[in-house]
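Reader: I would like to go through the labels put on this structure. Show me the cut-off behind each one.

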Amino acid sequence: MPSLPFEDENLPLFTVGQVSSMLEIQQAFLRRLDEHGVVRPSRSSGRQRRYTRNEITVIQYVVRLADEGMTLPSIRRVLELEDQIRELESECDALRAALREVRQRLAELPEARGPAGSQS
């Protein structure tokens, strides 16, 4: 059964007004998030901002950080650093998997071989 468009978390379906109502925040705050590069929604053909479900989740997080007194530039930096951490964790996971594979191949080598060039 094919998934419905609204099930796609990355589909830009929600307008500024809808997100503003859902999260009980000012539309001007959403525009400032875009202007400061904190959350950059896509635009419709009529140049209206459209938000995805993932972006709405990020906005909820941003609202919490702003309520704690963080500025928009500092929030943007936090989001950038969190993205970097996720990328590095993914890279570490890939390197660990490659290391396991190398260790497994080394373990499978015949142990009858002695050091190179030595013969009994």
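Author: Start with helices. A helix here is a DSSP run of H or I with at least four residues, numbered from the N terminus. Glu80 and Arg76 both lie in such a run, helix α4. They are four residues apart, about one turn of the helix. One caution: the model is predicted.

Reader: What makes Glu80 and Arg76 a salt bridge?

Author: The cut-off is 4 Å between a side-chain nitrogen of Lys or Arg and a carboxyl oxygen of Asp or Glu. The N to O distance for Glu80 and Arg76 is 3.9 Å. That is within 4 Å, so the pair counts as a salt bridge.

Reader: Which salt bridge links distant parts of the chain?

Author: The structure holds nine salt bridges. One of them joins Glu9 and Arg53, with the closest N and O atoms 3.6 Å apart. Glu9 sits in the segment before α1 and Arg53 in helix α3, 44 residues apart. Glu9 is partly exposed because its relative accessible area is 39%. Arg53 is partly exposed because its value is 31%.

Reader: What makes Asp34 buried?

Author: Its relative accessibility is 6%. Buried means under 20%, so Asp34 is buried. Asp34 lies in helix α2.

Reader: Which residues are linked with Asp34 in a network of salt bridges?

Author: Arg40, Arg43 and Arg49 are linked with Asp34 in that network. The side chains of Asp34 and Arg49 are also joined by a polar contact of 2.8 Å. The limit for a polar contact is 3.5 Å, so this distance qualifies. Leaving aside neighbours within four places in sequence, the contacts of Asp34 include Val39 and Pro41.

Reader: What makes the phi of Glu24 worth a remark?

Author: Phi of Glu24 is positive, about 55 degrees, although Glu24 is not a glycine. Most residues other than glycine have a negative phi. Glu24 lies in the loop between α1 and α2. Its relative accessibility is 74%, so Glu24 counts as exposed. Arg47 also has a positive phi, near 70 degrees. Arg47 lies in the loop between β1 and β2. At 57%, Arg47 is exposed because the cut-off is over 50%.

Reader: Why can Val102 belong to a nonpolar patch on the surface?

Author: Patch residues need over 30% relative accessible area and no salt bridge. Val102 has 44%, so it passes the area test. Val102, Leu106 and Leu109 form the patch, with about 270 Å² of accessible area together.

Reader: Which residues touch the most other members of the largest nonpolar core?

Author: They are Leu30, Leu33, Val38, Tyr51 and Ile59, out of 18 residues in that core. The largest share, five residues, comes from α3. Val38 touches Leu33, Val62 and Leu72, among others, not counting residues up to four places away in sequence.

Technical notes
Residues numbered from 1 in each chain as written. Predicted model: local features only at pLDDT ≥ 70, side-chain atom pairs only at ≥ 80, totals over all residues. Heavy atoms only, no water. Patch = residues over 30% accessible without salt bridge, like charges linked within 9 Å, V, L, I, M, F, W, Y side chains within 5 Å. Areas by Shrake-Rupley, 256 points an atom, 1.4 Å probe, with all protein chains shown as cover. Buried < 20%, exposed > 50% of the residue type's maximum accessible area, 1.4 Å probe, protein only. Helix = DSSP H or I, 4+ residues; strand = E, 2+ residues; numbered from the N terminus. Core = buried A, V, L, I, M, F, W, Y, C linked by side-chain atoms within 4.5 Å. Contact = heavy atoms within 4.5 Å. Polar contact = N/O pair within 3.5 Å; in protein donor to acceptor, adjacent residues only side chain to side chain.
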